[in-house]
Number of protein chains: 2
Amino acid sequence: MIDPTAYIRDIFTKPLGAQVTAHGWVKTRRDSKGIHFIQLNDGSTFQDLQVVIESAIIPESALSQATNGACVRVTGELIASPGSGQSVELKASELQVYGPADPATYPLQKKGHTMEFLREIAHLRVRSNTFGAVFRVRNALSFAIHKFFQDRGFLYVHTPLITASDAEGAGAMFRVTTLPPGPANPAEDFFGRNTYLAVSGQLEAEIFALAFTNVYTFGPTFRAENSNTPRHLAEFWMVEPEMAFCDLDGNRKLAEEFLKSIIGYVLDHCRPDLEFFNKRIDNTVLATLEHVAASAFEHVTYTEAVALLEKSGRAWEFPAHWGADLQSEHERYLTEEVFKKPVIVTDYPAEIKAFYMRLNDDGKTVRAMDVLAPRIGEIIGGSQREERYDVLSEKIRAKGLPEESYKWYLDLRKYGTAPHAGFGLGLERMMMYLTGMKNIRDVIPFPRTPGSAEF
Amino acid sequence: MIDPTAYIRDIFTKPLGAQVTAHGWVKTRRDSKGIHFIQLNDGSTFQDLQVVIESAIIPESALSQATNGACVRVTGELIASPGSGQSVELKASELQVYGPADPATYPLQKKGHTMEFLREIAHLRVRSNTFGAVFRVRNALSFAIHKFFQDRGFLYVHTPLITASDAEGAGAMFRVTTLPPGPANPAEDFFGRNTYLAVSGQLEAEIFALAFTNVYTFGPTFRAENSNTPRHLAEFWMVEPEMAFCDLDGNRKLAEEFLKSIIGYVLDHCRPDLEFFNKRIDNTVLATLEHVAASAFEHVTYTEAVALLEKSGRAWEFPAHWGADLQSEHERYLTEEVFKKPVIVTDYPAEIKAFYMRLNDDGKTVRAMDVLAPRIGEIIGGSQREERYDVLSEKIRAKGLPEESYKWYLDLRKYGTAPHAGFGLGLERMMMYLTGMKNIRDVIPFPRTPGSAEF
């Protein structure tokens with residue numbers, strides 16, 4: 001079906017009496033006195049198309065195969081529906097079954113499956129209400145991201161995933177090799193040295209920002225942490241804009257505008273899906289999103305944030321004091337109780353942040369920012385970058401990073417450096433925020449986690 | 001600079017007399033009797049902004065640093081330019097140097113660098129005319145791809161890059177591991193088994209097509225072939241649409257519409273860049289693109305194509321006969337001499353094509369298609385997929401593929417199967433076609449090839 005007007009979504013917009021043809025998968029079927037009701041879905045919209053079939057009109061050979069999970073083509077007339085739940089239905093005059101689904105073995109029966117079981121049948125869960133909605137939202141979110149940056153003249157950059165450096169020393173990496181297991185000489189490997197899967201495209205994005213002004217990356221990223229939690233994936237997607245001639249204030253403003261814009265796009269384009277999440281998964285989803293889209297974000301420095309936490313009178317699990325990183329409980333307190341809206345915390349202690357963040361004049365804080373949101377905590381992390389050659393090269397030395405690996409990164413400060421800044425948003429964190437889904441494995445098509453790389 | 005109206009591209013649209021501020025990198029500078037001319041570029045457009053500076057107005061301390069490669073901010077008045085090559089220029093009243101570039105060591109001096117040398121300074125080559133144009137075209141092409149599919153209701157799917165199966169058995173793969181080099185037990189590895197980098201997202205895209213009707217992937221792909229040629233990369237980007245309820249004819253029509261649409265988008269959005277390629281890199285680029293965008297593609301079967309080659313009277317390097325794959329010389333003959341436009345060849349011998357392509361009734365050809373274009377040969381490969389359980393499972397057995405790995409793929413044929421089809425386009429091949437660039441290493445930001453994984 002490459003006719004873009006033949007989706008079920010579009011059938012709903014046609015006038016009563018129209019002759020239409022629908023393709024899709026039978027979601028449920030019930031039979032009542034010679035009349036058969038099929039809920040048909042083609043993935044184009046949350047709402048199923050109700051198909052009404054009279055036994056007398058459709059041959060039993062076809063009808064008997066049109067069970068839950070079967071793929072069918074139905075032609076007929078669009079009529080007003082007397083039933084509740086839909087305003088129109090399709091009165092079938094023809095039914096063709098492309099592919100039946102044996103009711104005795106089809107794994108995706110009506111209702112009642114756990115999320116764990118659905119993960120095992122990730123090739124079929126996509127046909128369920130929940131995962132249909134998840135992946136429509138993921139599609140809309142992804143395009144909203146591109147549209148936001150393209151509308152503002154940002155250049156989309158494809159940074160490499162195979163890398164010979166371990167970037168910011170940010171944590172466990174996967175090694176990429178063509179040598180068979182066994183004693184190995186890196187010089188004999190495909191790239192003539194050890195290579196890894198990238199944990200970020202930021203440093204390469206900086207190269208492009210210092211030539212094209214405003215750029216962004218959007219692609220897969222890897223982390224080989226042995227964390228089997230509902231919030232960690234070994235392979236996930238990340239968006240990283242990087243802007244020349246931009247300081248931390250500009251960065252902060254762009255992050256706020258970006259979040260509001262992508263939330264607004266998904267609210268506009270996936271309303272029925274979000275209503276489903278709000279009803280079935282988390283009844284705060286819609287209110288939170290609408291609130292965030294409409295709020296002016298708050299801004300406090302890390303030092304101010306710590307002061308608020310210290311005078312809160314709370315018994316924190318992790319004591320709040322200057323120099324310690326903010327924990328989830330602190331982030332939620334700030335966004336949900338103190339300010340009741342998103343909060344951007346800036347100027348963290350240099351000690352707890354990456355080497356490339358710009359040092360403030362106080363010599364102890366850096367121009368970092370975290371965007372915290374109610375219900376989820378940190379959703380964006382970013383900074384103004386250190387653009388001064390001497391300060392950066394001293395930082396690299398002090399952190400004991402291999403200077404030779406950063407030669408090109410330092411070159412950017414040696415030749416035509418400029419103030420610049422950027423941030424990163426994890427797509428799956430954003431997906432959890434949009435949908436209310438509780439496990440990150442359920443917002444990505446085929447999750448990669450310790451011990452699991454199915455499909 | 002997060003003000004999207006402050007790009008140099010936009011400055012060109014402002015009225016004479018406007019006070020403007022430009023940021024960018026000095027591309028060239030010349031001095032003549034107390035007047036200094038700077039060509040300034042911020043990556044937003046091919047055309048440099050000419051800045052005119054009078055020695056009397058700008059302090060020597062700033063002026064002396066505004067050399068080739070430096071990053072500057074200039075404020076002044078937009079005036080008519082008496083010089084040739086530009087209609088307006090910026091008469092500077094203020095000049096700030098963000099970052100100088102020592103003329104003695106700055107590697108990207110005026111002209112005359114080889115492509116090989118520029119690859120070694122890939123962090124700076126992006127500021128040159130050629131690579132500025134390359135990456136603006138790559139950005140426009142990438143967004144055109146998203147826009148084409150989103151406009152038609154296709155769902156963007158993120159298929160996994162780490163995979164436990166070797167897909168179609170399509171060739172050398174990179175292994176992904178967290179075990180140190182040395183004797184290794186796959187059961188102890190991160191995923192509890194051997195894993196690889198994906199060579200295609202097609203099989204997983206089929207899962208989504210059989211739930212959402214029309215989908216596409218767009219992301220990085222890997223091939224560990226030890227091919228050190230101007231046409232091979234170990235890491236490259238690929239687009240793979242997959243459509244349910246679509247046969248080979250529909251596939252063919254979509255491929256044609258797709259190519260014309262993305263070429264048209266780049267012609268519309270990157271005209272100055274394409275004119276540069278046409279002038280400096282390959283003077284057939286513009287004519288070829290405009291011709292392809294306007295031609296009705298030709299369609300012949302493989303059997304017809306072989307007959308044309310056999311009766312051509314040519315002395316082929318690779319003899320053309322039924323059963324042999326078409327070689328580059330054959331493809332160019334068909335597109336450049338016989339038809340003088342793009343040709344879609346379909347229905348290849350089953351023997352030379354992948355197991356998942358749908359078998360024709362003749363039992364010896366499959367519903368494959370290759371789109372061949374003048375000047376470059378094959379640019380798209382695709383097929384209608386085998387949707388029949390019995391035929392597919394027999395094919396998997398006959399090819400000696402591990403049946404257990406394909407259980408979920410066969411399940412798609414067992415439960416609600418549908419006719420479906422799709423194709424793949426290599427982004428870098430398309431980039432070479434659009435730009436005329438001769439080496440694939442020069443159309444991707446940081447090329448990965450045997451022995452090389454720089455930056």
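How many residues does the contact take from chain A and from chain B? In this predicted model, 113 residues of chain A and 113 residues of chain B take part. As for which residues these are, 100% of the interface residues of chain A are also interface residues in chain B, so the two copies meet through the same surface.

The arrangement of the copies comes next.

The size of an interface is often given as the accessible area lost when the parts come together. Here, chain A and chain B bury about 9100 Å² between them, and 66% of this lies on carbon and sulfur atoms.

Turning to individual contacts, 46 residue pairs are in polar contact between chain A and chain B, counting pairs with both residues at pLDDT 80 or more. On the side of chain A that touches chain B, helix α5 (residues 129-151) gives the most, with eleven residues. That side is made up of 65 nonpolar, 30 polar and 18 charged residues. Two salt bridges are found across the interface; one of them joins the side chains of A:Glu454 and B:Arg193, at 2.7 Å from N to O.

Strands also meet across the two chains. Strand β8 (residues 175-177) of chain A runs antiparallel to strand β8 (residues 175-177) of chain B, and three bridges join them. In this pairing, A:Arg175 has B:Thr177 as its bridge partner.

Methods
Residues are numbered from 1 along each chain as its sequence is written. Chains are lettered from A and ligands numbered from 1 in the order in which they are written. This is a predicted model: local features need pLDDT of at least 70, side-chain atom pairs count only at pLDDT 80 or more; totals for chains, interfaces and linings use all residues. Side-chain values use heavy atoms; hydrogens and water are left out. Contact means heavy atoms within 4.5 Å. Buried area is the accessible area (1.4 Å probe) that two parts lose on being put together, summed over both. A salt bridge is a side-chain nitrogen of Lys or Arg within 4 Å of a carboxyl oxygen of Asp or Glu. A polar contact is a pair of N or O atoms within 3.5 Å; within protein, one must be able to donate a hydrogen and the other to accept it, and residues adjacent in sequence count only if both atoms are side-chain atoms. Helices (H or I, at least four residues) and strands (E, at least two) are DSSP runs, numbered from the N terminus. Ala, Val, Leu, Ile, Met, Phe, Trp, Tyr, Cys and Pro count as nonpolar, Asp, Glu, Lys and Arg as charged, and the others, Gly among them, as polar. Two strands pair if DSSP finds at least two bridges between them.
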